[in-house]
2 protein chains.
Amino acid sequence: QTEYQSISPADFFYRNREIAGFSNPSRATYTAVRELLENSMDACEAQRVPPEVYLRITEIEDKRDTETKFYKLRIEDNGTGVPEEHIPKAFATVFYGSKYILKQARGTFGLGGTMAVLYGQITTHKPVQVISSTGGEIHDFTMMIDIQNNRASILKHNIRQNPSGWRGTALELQMEGDYSRIMYRLIEYLKQTAMVNPYADLTYVDPRGRLYKFERGTEKLPPLPQSVKPHPHGVDVETFRRLIAETKTRNMKQFMMEHFQGVGPTTAYKFLDLAGISTKAKPKTLSPEDLVKAVRATREYTGFKRPDASCLSPIGEELLETGIKKELNLTEEDYIKVVTRKPSTYLGFPFIVEAAVATGRTVRKTHGAGITIYRFANRIPLLFDESSGVIWKAANRNINWKTYNVESDTSLVIAVHVCSTKIPYKSVGKEYMADQPAVEREVTNAIREAARGVRRYFNRRFRIARESRR
Amino acid sequence: QTEYQSISPADFFYRNREIAGFSNPSRATYTAVRELLENSMDACEAQRVPPEVYLRITEIEDKRDTETKFYKLRIEDNGTGVPEEHIPKAFATVFYGSKYILKQARGTFGLGGTMAVLYGQITTHKPVQVISSTGGEIHDFTMMIDIQNNRASILKHNIRQNPSGWRGTALELQMEGDYSRIMYRLIEYLKQTAMVNPYADLTYVDPRGRLYKFERGTEKLPPLPQSVKPHPHGVDVETFRRLIAETKTRNMKQFMMEHFQGVGPTTAYKFLDLAGISTKAKPKTLSPEDLVKAVRATREYTGFKRPDASCLSPIGEELLETGIKKELNLTEEDYIKVVTRKPSTYLGFPFIVEAAVATGRTVRKTHGAGITIYRFANRIPLLFDESSGVIWKAANRNINWKTYNVESDTSLVIAVHVCSTKIPYKSVGKEYMADQPAVEREVTNAIREAARGVRRYFNRRFRIARESRR
Ligand SMILES: Nc1ncnc2c1ncn2[C@@H]1O[C@H](COP(=O)(O)OP(=O)(O)OP(=O)(O)O)[C@@H](O)[C@H]1O
Ligand SMILES: Nc1ncnc2c1ncn2[C@@H]1O[C@H](COP(=O)(O)OP(=O)(O)OP(=O)(O)O)[C@@H](O)[C@H]1O
Ligand SMILES: [Mg+2]
Ligand SMILES: [Mg+2]
């Protein structure tokens, strides 16, 4: 009499949508905008063009319903576009996407865009319209999600010619929301996105028709991250098993060199020796015991090269400084110190921490006394659950600010950006990062390094003030 | 050149296992025990038997590997057992289970048991063994998870006779872990489980062979929750659409009465009138516009009965007091006040808050000065992320303790239990509950109600002390 059932991934997130950040109409408005904008930014960077993103939120008049509010969200970008055969899955299937590879991107779960579409659909019963082109024909889909089967129901599909060779994606959906409750944070999210993506042009028209324009401060794009092979330290039995199942190599020495980064002939030989596996062994004939021996040896062997950070794309000190100065309106009367740490790893995943500390007259005028923290992960601004995350922990518990001449009434802005092939988010809503020990160490050290710059600045001003009194 | 792929639910949680609570070996040890024990408790309560659960963690000797530790986890219960045809899916498929219905249970996602099996497999490459019977034959499965396809690979399946009519489930898996780091919290989890489930016998043997026995304080089980129909307030377009797709009713009046709780003929008539839908309309011919009108009307119509709380199973004041006294060793020199609130709802989901406040000599001796908070959701102890959750927020920010004669050095224990058909967890790791406004209100009021009892106790003791001085 116990009844069992399985549910689709879309059904799971339909039932538990608060776990994906759609907990109530105002928060859902924020998350929908976030997910769509991050998709556009990823697509533009992949296309290597300075992003042009246009976002419009329109309120839908509803004479009878004064409690609940409904909005039309429209977003357009000049990114890669989505090929015809992938459009239905990209926007109407959970756990489908192009970011499941070992390369830094804002997207990682294959879930966000579809969740925005899903939330719109279950609150309004309206389909989503996606118009996209990769340079050829323009595909115009109107679709809904068949939630129980985690796939698209295509209501309309028009194909148009593309004489101007437009490339990009436009998406329009309708959803229940609560704009006035979330307005401040939404604008703040856009502003902070501009701060760490100063090469992007963002145009936003709000429900009252007001135009917000975040103009690019530079045309210079950050380096394109490269997809890399896994590092031996990030390996577990399942990863190893999958590589073996797919490999075309004929012996274990070739296997190690082919499938992992930074493994040359000598390293492969020494590693296999430690693991107790013959270099001539055929990978596909490895026993389960050998598999486990190999994985354990990846942790014990200390001769592997440092992880390859070409899969990462830090903002860079120049762009970060440009972005912060532009969005915080810093002048010559302010001081800013930007720091980029060397690549590090946690659990085999490479990451880089960048930090900036700013102080001065403008900072005091706009932020008041005390420390204000801006948090970023893979160029995504984090605006919620501040005290739960690793950046707040590092700034508030690991640093003795008095030693940097920072008092409780000093006006200070700290910005921290963590980029990685895998951001240690604690939930699929991407609210905050877990305090992984290696990440916490690097964030702490980055802030300290930047704080030393601020201390020198304070000392210099103190000396100047003292000189001028004599 | 952009490559797209879909991944299975098991693959998603394999890649993002920290989101399910498997962030590192010590935390994984805790989460695995939690998920398995909660499955056993659910199964015993469903079978209406006082739970007998046996848990054993054994360290697996590994002469060469001194850094990483490996353990065998074994758990046995006298619950419902799992029918043969469902065993592979129950333990090796993500998003499969028996708790997707509108009824209170510890399990809710269809994911936890499979995650424990998955984590064990990817760290040891060892299969899981599940032995179970629903009273008939005993089925003994040895299996692994085919992660990329989210299904079981059955390595062995033996069927044995069951002359004694044993009923229950035994599961054994191997996993990497770190027992010493998590030991304190694991024992605390077991102790708090005993506190709110005082009808359960829990036996635990730790890696050093030590026996921990939590004996039942009563044979009396709490009321069995009943599966209920949805309340109209919990309805969105998708739920409505699914009910219509499956309905056998012939008109909308019948439809409303058949598929929702607490809707009689008069209520159906008035509701449909407000929605602007004819009582005679055939459900399957409703237009999309009518569907939306009906869903909006469910929010505006104020005449629905209060939600049916028979789907809930609060611990009850008697059992809660028994459990707390037993596990905290309270004596006649301690005071405890237990409170059960009336059922309430958030977003259409019914919930009940129960709270207890205790103080006295034993509390002071064991807990020291200050307030200690015990948190429970559907009888699951919550031991992590205390300051992120709604209970901590209510106790620390919404209550002025001085007005209850509680000073900063007063020794106080607060226990709060929230039970619901849908606990507002913020993540699939079930660490803490979101501060849904209705839930926050009820938790705050429950604590205040119990605190008033404590105030009377303090006043009484103060008067007695004053009398004895005269
Ligand atoms: N504006 C866009 N331009 C180009 N491709 C897009 C766009 N929006 C979505 N896509 C494609 O659709 C896929 C699925 O998007 P979705 O947001 O659901 O997941 P994701 O971005 O991969 O991961 P996450 O859930 O972390 O956001 C993306 O991986 C991308 O390939
Ligand atoms: N010890 C057990 N006895 C009986 N049935 C069990 C047992 N363990 C698991 N099951 C069955 O297997 C299903 C899947 O378990 P799993 O833990 O993966 O999900 P769940 O308990 O439904 O939800 P959650 O992810 O929240 O724990 C359960 O719903 C239950 O039907
Ligand atoms: Mg995305
Ligand atoms: Mg479970």
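Q: Which element supplies the largest share of the shell around ligand 1?
A: The model is predicted, so local features need pLDDT of at least 70 and side-chain atom pairs pLDDT 80 or more, while totals for chains, interfaces and linings use all residues. Residues are numbered from 1 along each chain as its sequence is written, chains are lettered from A and ligands numbered from 1 in the order written, and side-chain values use heavy atoms, without hydrogens and water. Helices are DSSP runs (H or I, at least four residues) and strands are E runs of at least two, numbered from the N terminus. The largest share of this shell, 4 residues, comes from α2(A).

Q: Where does ligand 1 lie, and how many residues surround it?
A: A residue counts as near if one of its heavy atoms lies within 4 Å. Among the closest to ligand 1 are A:Ser98, A:Thr108 and A:Lys430. Ligand 1 lies between chains A and B, and the residues that surround it number 25.

Q: What share of the area of ligand 1 does the protein bury?
A: Polar contacts here are N or O pairs within 3.5 Å (within protein, one atom must be able to donate a hydrogen and the other to accept it, and residues adjacent in sequence count only if both atoms are side-chain atoms). An oxygen atom of ligand 1 is 2.6 Å from a backbone N or O atom of A:Thr108, and a nitrogen atom of ligand 1 is 3.3 Å from a polar side-chain atom of A:Thr169. Accessible areas come from the Shrake-Rupley method with a 1.4 Å probe, and for residues only the protein chains shown count as cover. Alone, ligand 1 exposes 600 Å², of which the protein buries 96%.

Q: How many charged residues does the shell around ligand 2 have?
A: Ala, Val, Leu, Ile, Met, Phe, Trp, Tyr, Cys and Pro count as nonpolar, Asp, Glu, Lys and Arg as charged, and the others, Gly among them, as polar. In the shell around ligand 2, 8 residues are nonpolar and 13 polar. The charged residues number 4.

Q: Which residue of chain B has a polar side-chain atom 2.9 Å from a nitrogen atom of ligand 2?
A: Ligand 2 lies between chains A and B. One of its oxygen atoms is 2.8 Å from a backbone N or O atom of B:Leu111. The side-chain contact at 2.9 Å to a nitrogen atom of ligand 2 is made by B:Asp77.

Q: What is the relative accessible area of B:Phe109?
A: Buried means under 20% relative accessible area, exposed over 50%, and partly exposed in between (1.4 Å probe, protein chains only). A:Phe12 is buried at 0%. B:Phe109 is also buried, with a value of 4%.

Q: Which residue lies over the face of B:Phe384?
A: A charge sits over a ring if NZ of Lys or CZ of Arg is within 6 Å of the ring centre and within 35 degrees of the ring normal. At 4.2 Å from the ring centre of B:Phe384 lies B:Arg185.
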